[in-house]
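Thank you for passing this model along for comment. My remarks are set out below as numbered points, to be read beside the sequence and the coordinates.

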Amino acid sequence: MTRSERLRPIIADVADRRLDAMERLYQLSSPKLYGLCLRILRRPELAKSALKTAYLKIWKGARTLPADLDPLYWMVCIVRESALETARTNEDAGESWEPFEVEEPAEDPLAEGTHSDQLKRLLACLGTLSEERRRMVLLAFYDGWSREALSVYFDAPMHTVNTWLKRSVAEIDEQLSK
């Protein structure tokens, strides 16, 4: 049973205003959703506030969840919007958009003076992508950004980010297989 299949009956119970279902939903989803808020806001007190607001919206909106919509996707959208709204309305949230501090940077294969033939081919393929898609691919696969973070950074829905990444990887794969 997928996570979405497990969440659908719980959300149906939340729609019937069952507090035990809301508690169960919170226990199942809050660690990941808090992580999303924290990833966007970078400050625990703001992330907690945004998450609280999001769960209130989930409680109120559970009755309107369309049957064909993935409940997890729906919840992530609510949480993301809540975190972005918190960032917009908090004057002191400015530094939350700064990149993370890294104590020990990883070795950078691109910084080396010589590149292998495989790396040269890969870089040539990346060069054929549009600048936005190239940046997205590098942030995702080179810097390890999550789809949620990319969605926020590029101000695009997560399904659009996934589509762009899949298409970009397919184009690179096609060029490398020639």
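The points below go from the basis of the model to its fold, its confidence and a few local details.

1. The structure is a predicted model, in which local features need pLDDT of at least 70 and side-chain atom pairs count only at pLDDT 80 or more, whereas totals for chains, interfaces and linings use all residues. Residues are numbered from 1 along each chain as its sequence is written, and side-chain values use heavy atoms, with hydrogens and water left out.

2. The protein chain holds 8 helices and 0 strands, where helices (H or I, at least four residues) and strands (E, at least two) are DSSP runs numbered from the N terminus. Read from the N terminus, the order of elements is accordingly α-α-α-α-α-α-α-α. With contact meaning heavy atoms within 4.5 Å, residues 24 or more positions apart supply 62% of the contacts that have a separation of 6 or more in the protein chain.

3. Of the 178 residues in the protein chain, 36% are buried; the term buried means under 20% relative accessible area, exposed means over 50%, and partly exposed lies in between (1.4 Å probe, protein chains only). The accessible surface of the protein chain is about 11,400 Å², and carbon and sulfur atoms account for 53% of that surface; such areas come from the Shrake-Rupley method with a 1.4 Å probe, and for residues only the protein chains shown count as cover.

4. How confident is the predictor, on average, in the protein chain? The mean pLDDT (the predictor's confidence in each residue, from 0 to 100) is 82, and 84% of the residues score at least 70. Over residues 94–100, however, the pLDDT is below 50, although this stretch has 13 contacts in the model beyond near neighbours in sequence. Confidence is highest in helix α3 (residues 44–61), with a mean of 93, and lowest in helix α7 (residues 147–153), with a mean of 80.

5. Two arginines deserve a look at the backbone. R17, in the loop between α1 (3–15) and α2 (19–41), is not a glycine and yet has a positive phi of about 65°; its relative accessibility of 29% makes R17 partly exposed. R42, in the loop between α2 and α3, likewise has a positive phi, near 65°, in a residue other than glycine, and R42 is partly exposed at 27% relative accessible area.

6. The count of salt bridges comes to 8, a salt bridge being a side-chain nitrogen of Lys or Arg within 4 Å of a carboxyl oxygen of Asp or Glu. One network of salt bridges links D13, R18, D20 and R24. D13 in turn meets R24 at 3.6 Å, N to O; because D13 lies in helix α1 and R24 in helix α2, the pair ties together parts that are 11 residues apart in sequence. R18 is partly exposed at 35%, as are R24 at 32% and D20 at 39%.

7. How many disulfides does a search of the whole structure find? The search returns 0, with a disulfide taken as a pair of cysteine sulfur atoms within 2.5 Å. Among the cysteines, C37 is buried at 0% relative accessibility, and C125 is buried at 6%.
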